[in-house]
Amino acid sequence: MRMKYLLAAALVAAMGAANASAQTESTTTGEGPYLEEDQKPLTQEEIKQQAAGNVGKDGQAQWFINMDYAGFDFELPAGTVVQKGSSLLATYPDSSFGVSMKNEEMKGSNQKLAYEVCKRLALQMHLPNPKVEKASFGKCGGAKATGMLDGQLVTVVVLPYSDQQTTAVILANPEREEWANHFLRTLKR
């Protein structure tokens with residue numbers, strides 16, 4: 001639960017005044033499809049039990065699930081709980097990994113502006129000594145900032161395209177750094 005709040009707070013801080021209430025769909029990307037209205041949501045214990053089978057003895061994901069948001073494709077560890085609506089919030093049940101994404105209209109955005117926005121967001125999030133760099137994600141040129149904050153690896157990605165801009169915040173415990181790297185390697189438009 002703590003990871004969910006951290007991701008939400010990080011995205012709100014990154015996006016400014018975000019529209020917090022929107023209709024969302026809940027999914028478990030492990031065994032189950034989108035929950036239908038008449039289905040009972042899984043309890044936290046059921047989610048944790050389901051996710052436990054998705055992690056090997058080394059603590060790494062056994063497999064990843066293809067996802068998409070705002071025209072971007074990426075992979076998340078199996079067992080990640082996803083809430084998708086006007087934004088995307090994906091958290092692993094043990095709170096060791098999470099991704100938050102938000103898309104907004106941004107006329108004239110390009111990689112140079114994305115770099116400046118990414119730098120500003122890293123400062124607003126109080127990332128000590130963030131590494132900010134231009135980066136390509138498939139056909140999309142954007143920027144990313146990485147740093148450690150309160151023992152968590154924090155990555156901020158700004159992706160401009162067609163007068164739109166998607167911002168992603170990835171939080172991962174040090175033992176989940178490979179999951180964050182996998183997300184970034186598979187992120188493309």
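Predicted model: local features only at pLDDT ≥ 70, side-chain atom pairs only at ≥ 80, totals over all residues.
When neighbours within four places in sequence are left aside, Tyr115 is in contact with Val132, Glu133, Lys134 and Ala143.

## The nonpolar cores

The largest nonpolar core has 27 residues, and those with the most contacts inside it are Phe74, Leu76, Phe97, Met101, Ile170, Phe183 and Leu187. At least two residues of this core are supplied by each of the strands β2 (64-69), β3 (72-77), β5 (87-91), β6 (97-105), β7 (131-137), β9 (152-161) and β10 (164-172), and likewise by helix α4 (177-186). A second, separate core is made up of 15 residues, among them Ala114, Ala143, Ala145 and Leu171.

Within the largest core, Leu76 is one of the residues with the most contacts. Not counting residues up to four places away in sequence, Leu76 touches Phe64, Ile65, Met67, Val82, Ala90, Phe97, Val99 and Phe183.

## Thr80 in its loop

Thr80 is found in the loop between β3 and β4, the latter covering residues 81-84. With a relative accessible area of 0%, Thr80 is buried, and a polar atom of its side chain lies 2.6 Å from the backbone oxygen of Pro77.

How values were computed. Residues numbered from 1 in each chain as written. Heavy atoms only, no water. Contact = heavy atoms within 4.5 Å. Core = buried A, V, L, I, M, F, W, Y, C linked by side-chain atoms within 4.5 Å. Buried < 20%, exposed > 50% of the residue type's maximum accessible area, 1.4 Å probe, protein only. Helix = DSSP H or I, 4+ residues; strand = E, 2+ residues; numbered from the N terminus. Polar contact = N/O pair within 3.5 Å; in protein donor to acceptor, adjacent residues only side chain to side chain.
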